[in-house]
Amino acid sequence: SYLELINTFKTMLAMRRTAVMKAKKRYEVGLSKLEFASGQVAVMKEELIALQPELKKAQKETAAAMIEIEASSKDVAEQEKLVSADEQVAKGQADAAKAIKDECDADLAEAIPILNSALAALNTLSPTDITVVKTMKSPPAGVKLVMEAVCVMREVTPEKINDPSGSGKKIHDYWGPSKKLLADLKFLDVLKSYDKDNIPAHIMVTIRETYISDPEFVPDKVVKASSACEGLCKWVRAIEVYDRVAKIVAPKREALRQKETEVAQLMSELRTKQAELKAVQDRLKALQDALDEKTREKQELEFKVDLCAKKLVRAEKLIGGLGGEKKRWSEAAAELQIVYNNLTGDILISSGMIAYLGAFTSSYRNDCVAEWIQRCKQANLPCSPQFSLMNTLGDPVRVRAWNIDGLPTDTFSVNNSIILS
C-alpha cells in the first residue's frame, strides 16, 4: 500500500499540476488579450484622430485638382477646336494648290513630250551631220528655211546682200551667219540648254508668223533636203509649242506659287498652334496623373480610416462584452494559483485515501483526513483547509455521467467511484 501511495502521489501530482496550470494559463491569456485590446483601442483612437486631418487635406487637394483639370479640359477643347478648324483651312488651301499644280502639269503634258522628242532628235545628230550642212555651197530651200528659224531663235543678225533677182535692193540673208553658228563646236549643246522659259516675245512672234505658218517648215518636207535639218526643225517647232503652252501655264504657275506660299505660311502657323496644343495637352495629362495619384492616396486614407474605425468598434464591443468577465477571470486565475500551491498536500491526502481508506466508512475517512490535514500543516506542507477528494481528483463531467447512470449523489458514493477509477 505504501508503494501504491508513492506511485499514486507522483502520477496524480504531475497530472493535476499540468491540468491546473493549463486552466490558469487560459485565464491569464484571456486577460492579456483583454489588456492588449484595451491598449489597442487607445492606439487606434489616436491613429484615427491623426488620419482625419490627412484625409481632409487629401479630399481638399483632390477637389482642387478636379477643378483645375475641368478648367484645363475646357481650354484644351477650345484649342483643339481652333486647331482642327485651321487644319481644315490648311487642307483646303493645300488641295487648291494641288489642283492648280495638276492643271499646270496637264497643260504641260502636251508640250513636254514634244520637247523631249525634239531633244531626242538633237541627240541623234552628230558633228558629221552638222559639217555636211555647213559645207553646202548651194543649200536647198528647206535647209535655208530651217537655219533662218534657228538664227531667229538665237537672235543672230542676218547679213545684207544684193537681191539675187536683180532688183538692186539689199535683202536679209541668214546663210552666212548660219554657217558661223554651225561652225561652233557647242552648237548642239547650246540648243539643248536653250532657255525655253524666258524667250523674248518678238522672237516667238517672228517664228509663228514667218516659219510655223510656212507649209514648207515641217519635218516631213525638210527631211528631203537634210536629215540634220529635220531634227533642227523639230526642235524649233517643239520650242514654239512649249512657249505657247508656257504662256498659258505661266499665270497658273504664279497662282500656284502664291498658293504654295500661303499654304507654307498656314502650315507654319498651324505647327505653332499644334505645338501649343501639345503643351496644353501634356500639362492636362500631368494634372490628370497627379489627380490619379491624389485619388489613390485619398482612397488609401479612406480605407485606413474605415478599417481603423471598424477595428475600434470591434475592439470596444469585445471589451464591452467581456468587461464583466475580467474580474471573474482574474479571481479564477488567483484561485487556480491557490489550488496549484495546495496540490502537494491535497494530492498526498488523496493518494492516502486511495491507498488506505477505500474499505472504511465515511466517518472514519473524515477523521483520518482531518488528522492528515493537521499533520500537513505541522510539516508546513500546503494543502486546502477544506479538503475534498471530489475537488482534487474529480471530473465534474464524469461525475455527472455516473449520476445519470445511477450513482447516488452523496459524497461517500462519489469518493468511492473516484477511488475505483
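1. At what angle do helix 3 and helix 4 pack, and how far apart are their axes? In this predicted model, helix 4 spans residues 175-183 and packs against helix 3 at an angle of about 70°, with the two axes 9 Å apart. Because angles from 65 to 115 degrees count as roughly perpendicular, helix 3 and helix 4 are described as roughly perpendicular to each other.

2. On the helix 3 side, that contact is formed by Val143, Lys144, Met147, Glu148, Val150 and Cys151, while helix 4 contributes Trp175, Pro177, Ser178, Leu181 and Leu182. By class, the residues of this contact are 8 nonpolar, 1 polar and 2 charged.

3. Helix 3 (residues 141-153) also packs with helix 6 (residues 201-212), here at an angle of about 165° and with the axes 9 Å apart. The cut-off for roughly antiparallel is an angle over 145 degrees, and helix 3 and helix 6 are therefore roughly antiparallel to each other; their crossing is right-handed.

4. In this second contact, Leu145, Glu148, Ala149, Val152 and Met153 of helix 3 meet Ile203, Met204, Thr206, Ile207 and Tyr211 of helix 6. The residues involved divide into 8 nonpolar, 1 polar and 1 charged. Glu148 of helix 3 is listed in the contact with helix 6 and also in the contact with helix 4.

5. A separate remark concerns helix 12 (residues 411-420), whose buried residues are Ser413, Val414, Asn415, Ser417, Ile418 and Ile419. At the start of helix 12, a side-chain oxygen of Asp410 comes to within 3.3 Å of the backbone nitrogen of Phe412.

Definitions and conventions: Residues are numbered from 1 along each chain as its sequence is written. This is a predicted model: local features need pLDDT of at least 70, side-chain atom pairs count only at pLDDT 80 or more; totals for chains, interfaces and linings use all residues. Side-chain values use heavy atoms; hydrogens and water are left out. Axes are lines fitted to C-alpha atoms, for helices over the stretch in contact, and angles run from 0 to 180 degrees between N-to-C directions. Helices (H or I, at least four residues) and strands (E, at least two) are DSSP runs, numbered from the N terminus. Angles under 35 degrees count as roughly parallel, over 145 as roughly antiparallel, 65 to 115 as roughly perpendicular and the rest as oblique. A crossing is left-handed if the near helix is turned anticlockwise from the far one by less than a right angle, and right-handed if clockwise. Contact means heavy atoms within 4.5 Å. Ala, Val, Leu, Ile, Met, Phe, Trp, Tyr, Cys and Pro count as nonpolar, Asp, Glu, Lys and Arg as charged, and the others, Gly among them, as polar. Buried means under 20% relative accessible area, exposed over 50%, partly exposed in between (1.4 Å probe, protein chains only). A polar contact is a pair of N or O atoms within 3.5 Å; within protein, one must be able to donate a hydrogen and the other to accept it, and residues adjacent in sequence count only if both atoms are side-chain atoms.
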